[in-house]
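This report describes a protein chain through its helices, its contacts and its surface. The sequence and the structure are shown first.

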Amino acid sequence: MALNPDNFEHREWIALQWLRTFLIFEGKFPDSQLNIEFEQLYSPREQVYIFSIFKTMFFFNVLATTFLKKRYKSGTACSIIPVDSGKKKKADPVSKN
């Protein structure tokens with residue numbers, strides 16, 4: 001999923017890019033400038049909060065994926081369910097509403 005930097009404040013964008021880089025490169029930072037900027041923009045306490053939120057979201061993502069794989073046997077992790085168009089269904093002639 002592509003994120004547009006125009007939709008975020010600079011500080012938020014750096015945090016998102018830091019987390020993305022951490023995840024993709026398994027904790028290594030090929031661009032050390034990103035890590036430096038992250039550490040300059042966020043206090044050590046804020047860094048812990050950001051990383052804790054990331055770990056929590058990652059855990060629940062893996063957990064949900066585990067359950068979805070068991071639910072969908074066709075090999076897809078999810079499916080798109082059609083949205084109700086809002087059209088009224090024909091009345092059931094048997095029911096007395």
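How many salt bridges does a search of the whole structure find?

## Salt bridge

In this predicted model, the search of the whole structure finds 1 salt bridge. The partners are R11 and E46, and their closest N and O atoms lie 2.9 Å apart. R11 belongs to helix α1 and E46 to helix α3, so the pair ties together parts of the chain that are 35 residues apart in sequence.

R11 is partly exposed, with a relative accessible area of 32%. E46 also counts as partly exposed, at 29% relative accessibility.

## Overall architecture and confidence

The secondary structure of the protein chain consists of 3 helices and 0 strands. Read from the N terminus, the order of the elements is α-α-α. Helix α1 covers residues 10–24, helix α2 covers residues 32–41, and helix α3 covers residues 44–71.

The mean pLDDT of the protein chain is 77, and 69% of the residues score at least 70. Among the elements, helix α2 has the highest mean pLDDT, at 92, whereas helix α3 has the lowest, at 85.

## Burial and a contact in space

Of the 97 residues in the protein chain, 15% are buried. What is the state of I14, buried or exposed? I14 has a relative accessibility of 6% and therefore counts as buried, the cut-off being under 20%. This residue is located in helix α1.

I14 can also be placed relative to N35. The two residues are 21 residues apart in sequence, and their C-alpha atoms are 9.0 Å apart in space.

## Nonpolar surface patch

Which residues make the nonpolar surface patch? The patch is made by L23, I24, F25, F58 and V62, and its area is about 450 Å². Helices α1 and α3 each supply at least two of the patch residues.

F58, one of the patch residues, is located in helix α3. With a relative accessible area of 40%, F58 is partly exposed.

## Largest pocket

The largest pocket holds about 690 Å³ of space. Its lining comprises 20 residues, and those nearest the centre of the pocket are L3, L16, L19, R20 and M57.

Which helix gives the most to the lining of the largest pocket? Helix α1 does, with 9 residues. Helices α1 and α3 each supply at least two residues of this lining.

Key. Residues are numbered from 1 along each chain as its sequence is written. This is a predicted model: local features need pLDDT of at least 70, side-chain atom pairs count only at pLDDT 80 or more; totals for chains, interfaces and linings use all residues. Side-chain values use heavy atoms; hydrogens and water are left out. pLDDT is the predictor's confidence in each residue, from 0 to 100. Helices (H or I, at least four residues) and strands (E, at least two) are DSSP runs, numbered from the N terminus. Patches are made of residues with over 30% relative accessible area and no salt bridge: like charges are joined within 9 Å, nonpolar side chains (Val, Leu, Ile, Met, Phe, Trp, Tyr) within 5 Å. Accessible areas come from the Shrake-Rupley method with a 1.4 Å probe; for residues, only the protein chains shown count as cover. A salt bridge is a side-chain nitrogen of Lys or Arg within 4 Å of a carboxyl oxygen of Asp or Glu. Buried means under 20% relative accessible area, exposed over 50%, partly exposed in between (1.4 Å probe, protein chains only). On a 1 Å grid over the protein atoms alone, a cavity is a set of points where a 1.4 Å probe fits but cannot get out, and a pocket is an open set with protein on both sides within 12 Å along at least five of seven lines; lining residues have an atom within 4 Å of a point. Grid points are joined across faces, edges and corners, and a volume is the space filled by probe spheres set on the points.
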